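Keep the viewer open and follow along.

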Amino acid sequence: MKLDDTATNRIRDRMLDAVDLAATFVLAVECALTAVQADFDLFGILVLSFVGSVGGAVIRDLLLGEHPPAPFRDWRYAALALAATMVVLIASLVLGPVGSFTPPLQVDVFEGGGLALAAVAGTRKCLDYKLNSASVVIIATVNGCGGGMLRDVLLARVPKVLHEDFYATAAIAGAALIVVLVRRFQVRQDVAGAAGAVAIFTLRAAALVGAWRLPHLH
């Protein structure tokens, strides 16, 4: 039986929400780990976890003209950020200092996963708005990297997006892949989103392991 447009839209909205919330949780874990390693107090950890996990989604929704942005309309974003923070704090109490059970590479894994999920969520939402392809890729990249930029600003360091190779580049590549698959080859958005997420995470992981670098001017 074929679903009507209303039912299809509801399913699509639920899937988009699921990806967006998953990105929030993964990024919140990464930001909480980073905050603990930076010796923030409990309030600072909570702030960094929330800002870093929803910052990209907030910027995305503002660019799309949604007021207020989804993280301020839906209690689940704040709840997931809080839950992720509690997971990290409990783990640090049970397992010892964060560095003993989360070496930097593991933190990068969370960051790569969050980057992939957030960029995919941004791409799919922009596609629903029928934006042109270039705008879709730009806003999706902002969605993926925006939270990390705010996190780095609060940590008083240069944002990774400005000097870490294949960070924004990975998000751009994945978002572009989704747009091509959906608009050129008529691939379903969920399938294209999965392919884009794998592409982003793979590029980011390969860049970290292989120390890939774009040209730098000295």
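Lys130 counts as exposed, because its relative accessibility is 68%. You'll find Lys130 in the loop between helix 6 and helix 7, and its backbone is worth a look: phi is positive, about 60 degrees, although Lys130 is not a glycine. Bear in mind as you go that this is a predicted model.

Asp39 belongs to the loop between helix 1 and helix 2, and with 67% relative accessibility it counts as exposed.

Now hop over to the loop between helix 2 and helix 3, where Pro68 sits. The peptide bond joining His67 and Pro68 is cis, with omega at about -10 degrees. Pro69 is found in that loop between helix 2 and helix 3 too. Is Pro69 buried or exposed? Its relative accessibility is 5%, so Pro69 counts as buried. Setting aside neighbours within four places in sequence, Pro69 is in contact with Val58, Asp61 and Leu62.

On the helix 2 side the contact is made by Leu42, Ile45, Leu46, Ser49, Phe50, Ser53 and Val54, while helix 4 brings Tyr77, Ala78, Ala81, Leu82, Thr85, Met86 and Leu89. Sort the residues of this contact by type and you get 11 nonpolar, three polar and no charged.

Helix 2 has another partner in helix 7. Here the axes come within 7 Å and cross at roughly 145 degrees, and this crossing of helix 2 and helix 7 is right-handed. Helix 2 contributes Val47, Leu48, Val51, Gly52, Gly55, Gly56, Ala57, Ile59, Arg60, Leu63 and Leu64; helix 7 answers with Ile139, Val142, Asn143, Gly146, Gly147, Gly148, Leu150, Arg151 and Leu154. Glycines turn up on both sides of the list, among them Gly52 of helix 2 and Gly146 of helix 7. The residues of this contact divide into 11 nonpolar, seven polar and two charged.

Stay with helix 7 and turn to helix 8. These two pack at an angle of about 140 degrees, with 9 Å between their axes, and that makes helix 7 oblique to helix 8. Helix 7 passes helix 8 in a right-handed crossing. The contact takes Ser133, Val136, Val137, Ala140, Thr141 and Cys145 from helix 7, and Ala168, Ala171, Ile172, Ala175, Ala176, Val179 and Arg183 from helix 8. By type, the residues of the contact come to 10 nonpolar, two polar and one charged.

As a rule, nonpolar side chains in soluble globular proteins tend to be buried together. Zoom in on Cys145 and, not counting residues up to four places away in sequence, it touches Leu115, Val161, Tyr167, Ala168 and Ala171.

One last stop is Glu111, which has its place in helix 6, residues 104–128. Is this glutamate buried or exposed? Glu111 counts as buried, because its relative accessibility is 1%. Beyond residues up to four places away in sequence, Glu111 touches Leu27, Glu30, Arg151, Lys160, Tyr167 and Arg204. Two of those names have come up already: Arg151 is in the helix 2 and helix 7 contact, and Tyr167 touches Cys145.

Definitions and conventions:
Residues numbered from 1 in each chain as written. Predicted model: local features only at pLDDT ≥ 70, side-chain atom pairs only at ≥ 80, totals over all residues. Heavy atoms only, no water. Contact = heavy atoms within 4.5 Å. Helix = DSSP H or I, 4+ residues; strand = E, 2+ residues; numbered from the N terminus. Nonpolar A, V, L, I, M, F, W, Y, C, P; charged D, E, K, R; others polar. Buried < 20%, exposed > 50% of the residue type's maximum accessible area, 1.4 Å probe, protein only. Axes fitted to C-alpha atoms, helices over the stretch in contact; angles between N-to-C directions. Parallel < 35°, antiparallel > 145°, perpendicular 65-115°, else oblique. Left-handed = near helix turned anticlockwise from the far one by under 90°.
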